[in-house]
Amino acid sequence: ALMLASPLRARYEEHLLNASIRGPATVALELDLPLAARLGGRRIEGSIDLADAALSDPRWGIAFTQVQGRTRFSDRGFAAEDLQVVFEGEPARFNLFVGDGYTGSPSLAARATLDGRFPPQVLLARHEPLRWLDEWLAGSSQWRLSLDVPQAVAGAPAPPARLDVQSDLVGTAITLPAPLGKDAGTPMPLS
């Protein structure tokens, strides 16, 4: 509610309306609101420290629990860096950068990463055409998922987001016939 009531809403409304953070939080806020134009522009900076919170976004079908960590925000966007989360019952690390002040590129509206050790079925469940692989996979591996959401241009269709999935698949056995099969201890880089 704090960010929705701030000037951040004008630039990042879609992200702020869709993402939900619930639970205990400590907010620190610094505001410079000049009373005259000659004193310069306004400045907004702050942070939200989360402790055992829940974070979700239905657009991406994600729901994190037991969220711990700090989110920084300013009038240029916000950054949730190295949040400790639980995703599908597994511990993970989540990063979310929104706005050109935090994504590192004016062409990106948002950048998100999720790092953790998951059974591949947790990820395949989000993409129905690959669900047939479930019976051929056993174990869990370290995964890194990266999502880049391009900045939309006014009056143009939203450009597609880019998802990159990486794993060495160590810890996951693949029981497909050769040459696709492998034991759990053998690496098979996936990107």
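Guide: The accessible surface of the protein comes to about 11,000 Å² (Shrake-Rupley method, 1.4 Å probe), and carbon and sulfur atoms hold 58% of that area. This is a predicted model, in which local features need pLDDT of at least 70, side-chain atom pairs count only at pLDDT 80 or more, and totals for chains, interfaces and linings use all residues. Residues are numbered from 1 along each chain as its sequence is written, and side-chain values use heavy atoms, with hydrogens and water left out.

The protein has three helices and 11 strands, assigned as DSSP runs (helices H or I, at least four residues; strands E, at least two) and numbered from the N terminus.

Now the aromatic part. Three aromatic pairs turn up in the whole structure; rings of Phe, Tyr and Trp (its six-membered ring) pair if their centres lie within 6.5 Å, with planes under 30 degrees apart called stacked, over 60 edge-to-face and the rest tilted. One of them joins Phe64 and Phe87 edge-to-face, at 5.7 Å centre to centre and 65 degrees between the planes. Phe64 belongs to strand β4 (residues 62-74) and Phe87 to strand β5 (residues 77-87), so this pair ties together parts 23 residues apart in sequence. Both residues, Phe64 and Phe87, are buried, that is, under 20% relative accessible area (1.4 Å probe, protein chains only).

Phe64 also pairs with Phe94, tilted, at 4.7 Å and 50 degrees. Phe94 lies in strand β6 (residues 90-98), 30 residues from Phe64. The relative accessible area is 2% for Phe64 and 6% for Phe94. Together with Phe118, the residues Phe64, Phe87 and Phe94 form one aromatic cluster.

How values were computed: Buried means under 20% relative accessible area, exposed over 50%, partly exposed in between (1.4 Å probe, protein chains only).
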